[in-house]
Amino acid sequence: MGTPSVPAALDAALERELLAACDDLQPELHRTLAALVRFPSVLGEEASAQDYMEGLFHGLGLAVDRFEVRDEDLAHVPGFAPPVGRFHRHDNVVAEFRPRRQLGRSLILNGHIDVVPVGAAELWTTPPFEPVVRDGRMYGRGSGDMKAGIAAYVTAFLALRRLGLEPAAPLWMQSVVEEECTGNGALACLHRGYRADAAIIPEPFDQSILAAQVGVLWLSVEVLGRPAHVLDVSRGINAIEAAFALYRGLETLRDEWNAPKSRHPAYADVERPINFNLGRIEGGEWPSSVPTRCVMDIRCGFYPGMRVADARAAVEARLRHAAESDPKLQGVQFRVRYAGLQSEGVVVDRAQPALEALVRAHEHVMGAEPNWLASTATTDVRVFNLYGDTPATCYGPESTHIHGIDESVSLESVRRVTQVLALFVARWCGVEKRSGP
Ligand SMILES: [Zn+2]
């Protein structure tokens, strides 16, 4: 893409008006966010939320590209993750803005519409898909991760419109599926040809700018024990107990990777960068048989710079070691399968012009330097940075208990993020007087 020069800053009065327009639009943003939280857009159930996004983008008078994320189209694309299921109406929605003439740099604003499962619903103070505002925070599954980010980037675009302006460069707003489990949604956008001079994903990282993220591996370990009657359990191998023993063995790898001498430099100050999680377990038949089969679904983090194949090899070797070194596990068999996230880590180049521009926009709005975040989780920025030749980072609101109970987002922080994004868009893309109605 060409990178024509644009002024580093707009007219100061215009910038003040833009920030004020963001403030004026907050009630509308809250309505949009609440509407989005009401859609229970967990994996495979995103269609109604995407219908809403399609309508929202059409309402802005933008061209909308809605397309199905099909594993068969992506299977040979670098960064593809083996799917975790087949889904109906599994679509991305992309709004496209084209300027009359390009003066500035192009931009992708990306957010994922999928949300993680609610967990034990009875633990929530109020139902997870009924948005409620308490003490300046909106509660609900997906409120922070990351429907507030989507509402913020739409509002930032709308704020320009309110001033009779529009970006002077191509701008795409993407609402994608499958961020939480594969990243194939963002990858499908890339495969369809979407590239830009920069991309920002307003993930809820407390207005820090993402500097690095770990790699993440999802795997299933199927453990086969040895059958026995409960009268003589000592002759059998209980597959469920064996699975736990194998997982305890695997945790020693996590502890090694977390030791200060093993840490990636980007994580030198992070106490526990690498987390493993035993997320799901299934096994056994009934109380009177020693279980012969157990499947564990596990998530393992690993450092940037390590290839997925190396992470897999390290994990498998540690499981083998655990099986061989424990006398109680003699004769146990296990098999490893990979589905879902198979994601390399990323270190974001802070010297990129887009990151400098984002720092300046944050400083303008917040009156202080931003923090940088080395994340212990993964996001779709890897797709842009590693495979899309599009410098990307995350910058979004403050949120608590994402993936947990009583997830919420700070509405004041969402307001500030809206302002930073609007200012960034205006400075990065440049602005023109609006042409259309
Ligand atoms: Zn997220």
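Student: Which elements each supply at least two residues of the lining of the largest cavity?
Tutor: Strand 8, helix 9 (353-366) and strand 16 (392-394) each do. Helices (H or I, at least four residues) and strands (E, at least two) are DSSP runs, numbered from the N terminus. This is a predicted model, where local features need pLDDT of at least 70, side-chain atom pairs count only at pLDDT 80 or more, and totals for chains, interfaces and linings use all residues. Residues are numbered from 1 along each chain as its sequence is written, and side-chain values use heavy atoms, with hydrogens and water left out.

Student: Which one gives the most?
Tutor: Helix 9, with 3 residues.

Student: What's the volume of the largest cavity?
Tutor: About 50 Å³. The count is 1 cavity of 30 Å³ or more. On a 1 Å grid over the protein atoms alone, a cavity is a set of points where a 1.4 Å probe fits but cannot get out; a pocket is an open set with protein on both sides within 12 Å along at least five of seven lines; lining residues have an atom within 4 Å of a point. Grid points are joined across faces, edges and corners, and a volume is the space filled by probe spheres set on the points.

Student: And how does the lining of the largest cavity split by class?
Tutor: It has 9 nonpolar, 1 polar and no charged residues. Ala, Val, Leu, Ile, Met, Phe, Trp, Tyr, Cys and Pro count as nonpolar, Asp, Glu, Lys and Arg as charged, and the others, Gly among them, as polar.

Student: Is strand 10 mostly covered or open?
Tutor: Mostly covered: 7 of its 10 residues are buried. Buried means under 20% relative accessible area, exposed over 50%, partly exposed in between (1.4 Å probe, protein chains only).

Student: What does strand 10 pair with?
Tutor: Strand 12, antiparallel, over 10 bridges, and strand 13, also antiparallel, over 8 bridges. Two strands pair if DSSP finds at least two bridges between them. Val221 stands opposite Met296 in strand 12. Leu224 has Gln333 in strand 13 as its bridge partner.

Student: Switching to the metal. What coordinates the zinc ion?
Tutor: His112 (NE2), Asp145 (OD), Glu203 (OE) and Glu203 (OE), at 1.9 to 2.8 Å. Donors are N, O and S atoms within 2.8 Å of the metal (3.2 Å for Na, K and Ca); water is not among the atoms, so sites may look incomplete.

Student: What is the geometry of the zinc site?
Tutor: Irregular, with angles of 51 to 146° among the 4 donor atoms. Four donors count as tetrahedral if all angles lie between 85 and 135 degrees; four count as square planar and six as octahedral if opposite donors are over 155 degrees apart and all others between 65 and 115; anything else is irregular.

Student: Where do Asp145 and Glu203 lie?
Tutor: Asp145 is in helix 5 (residues 143-162) and Glu203 is in the loop between strand 8 (199-201) and strand 9, so the pair ties together parts that are 58 residues apart in sequence.

Student: Are they buried or exposed?
Tutor: Asp145 is buried, at 6% relative accessible area. Glu203 is buried too, at 4%.
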